[in-house]
Amino acid sequence: ALSNLAGSHEMQGKFAVAEPLYEKALRIRRQRLGNDHLDVALSLIKLASCFESQRKFTAAEPLLKGALRILREQLGDHHLDVAECLCNLANALFRQDRFAVAHAMCEEALAICSDHLGYDHECVAAALSNLAGSHEMQGKFAVAEPLYEKALRIRRQRLGNDHLDVALSLIKLASCFESQRKFTAAEPLLKGALRILREQLGDHHLDVAECLCNLA
């Protein structure tokens, strides 16, 4: 119940309210279930997500590493939940400019997802997007761009045109275009993302403000 309540606050951008609720839920689960239970891993991931939403990537990193350890031990190295956690951890490492380690995690996640689900699943899209981010941050735009485009295509097919993850893919592809000074190509992508964010989150959400800044 605490974790669900925290999630509701997080979705509204109320991170200062959500964070202690996630922490309390984590503490309770550790006390009741021990440090190696899958529900503890879930709490670690949710708290890490709250930190990432606030750009606290160094705080998110050890939580995601702890969750990944539990998932590997309990589910094995090739489980889809392991792949998802690898993607999340890779994102936190990217934001700290630790490209080599993050890149390897993206490739491992992509291999797991592809083996389980084929090449047109949302899990694959997430891994492709993170892999593209690794190339983009190293200035390899020609490699990153088609990976972002493929991730966007998969998400549209799987999730529909109005999903928040589609907005995220639009923003990332637009960022890649902007890094190459392709501003006319980036503009419609950002407008599409802004429309989704306004519809799904409301006009006053932080993600809407960030997208407005990118579009401006």
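**Reading the model step by step**

A: Gladly! R181 sits in the loop between α9 and α10. R181 also has a positive phi of about 65° although it is not a glycine.

Q: Before we go on, what is the mean pLDDT of the chain?

A: Where pLDDT is low, the predicted coordinates should not be read in detail. Here the chain has a mean pLDDT of 91, and 100% of its residues reach 70 or more. Confidence is lowest in α1, with a mean of 85, and highest in α4, at 97.

Q: Which other residue has a positive phi although it is not a glycine?

A: Look at R55, where phi is about 65°. R55 belongs to the loop between α3 and α4. With a relative accessible area of 39%, R55 is partly exposed.

Q: With which residue does R55 form a salt bridge?

A: First the general idea: side chains of opposite charge can pair when their charged atoms come close. In this structure R55 pairs with E210, and their closest N and O atoms are 2.4 Å apart. This pair links distant parts of the chain, as R55 is in the loop between α3 (38-53) and α4 (57-75), while E210 is in helix α11 (residues 206-215), 155 residues apart. E210 is partly exposed as well, at a relative accessible area of 36%.

Q: How many salt bridges does the count come to?

A: The count comes to 14 salt bridges, taking a side-chain nitrogen of Lys or Arg within 4 Å of a carboxyl oxygen of Asp or Glu. Let's visit two more of them.

One joins the side chains of R72 and E108, at 3.1 Å from N to O. R72 lies in helix α4 and E108 in helix α6 (residues 99-117), so this pair ties together parts that are 36 residues apart in sequence. R72 counts as partly exposed at 25% relative accessibility, and E108 counts as partly exposed at 29%.

Another is formed by D162 and R195, whose closest N and O atoms are 3.0 Å apart. D162 lies in the loop between α8 (141-159) and α9 (164-179), and R195 in helix α10 (residues 183-201), so parts 33 residues apart in sequence are tied together. D162 is partly exposed, with a relative accessible area of 37%, and R195 is partly exposed at 35%.

Q: Which residues do salt bridges with shared partners join into one network?

A: They are D36, R69 and E73.

Q: Now a helix, please. How many residues does α10 have, and how far does it reach?

A: To read a helix, follow it from end to end. α10 has 19 residues and reaches 26 Å from its first C-alpha to its last, close to the 27 Å expected at 1.5 Å a residue.

Q: Against which helices do the buried residues of α10 pack?

A: They pack against α1 (2-11), α9 and α11. Among these buried residues are A186, L189, L190 and G192.

Conventions
Residues numbered from 1 in each chain as written. Predicted model: local features only at pLDDT ≥ 70, side-chain atom pairs only at ≥ 80, totals over all residues. Heavy atoms only, no water. Helix = DSSP H or I, 4+ residues; strand = E, 2+ residues; numbered from the N terminus. Buried < 20%, exposed > 50% of the residue type's maximum accessible area, 1.4 Å probe, protein only. Expected span 1.5 Å × (residues − 1). Contact = heavy atoms within 4.5 Å. pLDDT = per-residue confidence, 0-100.
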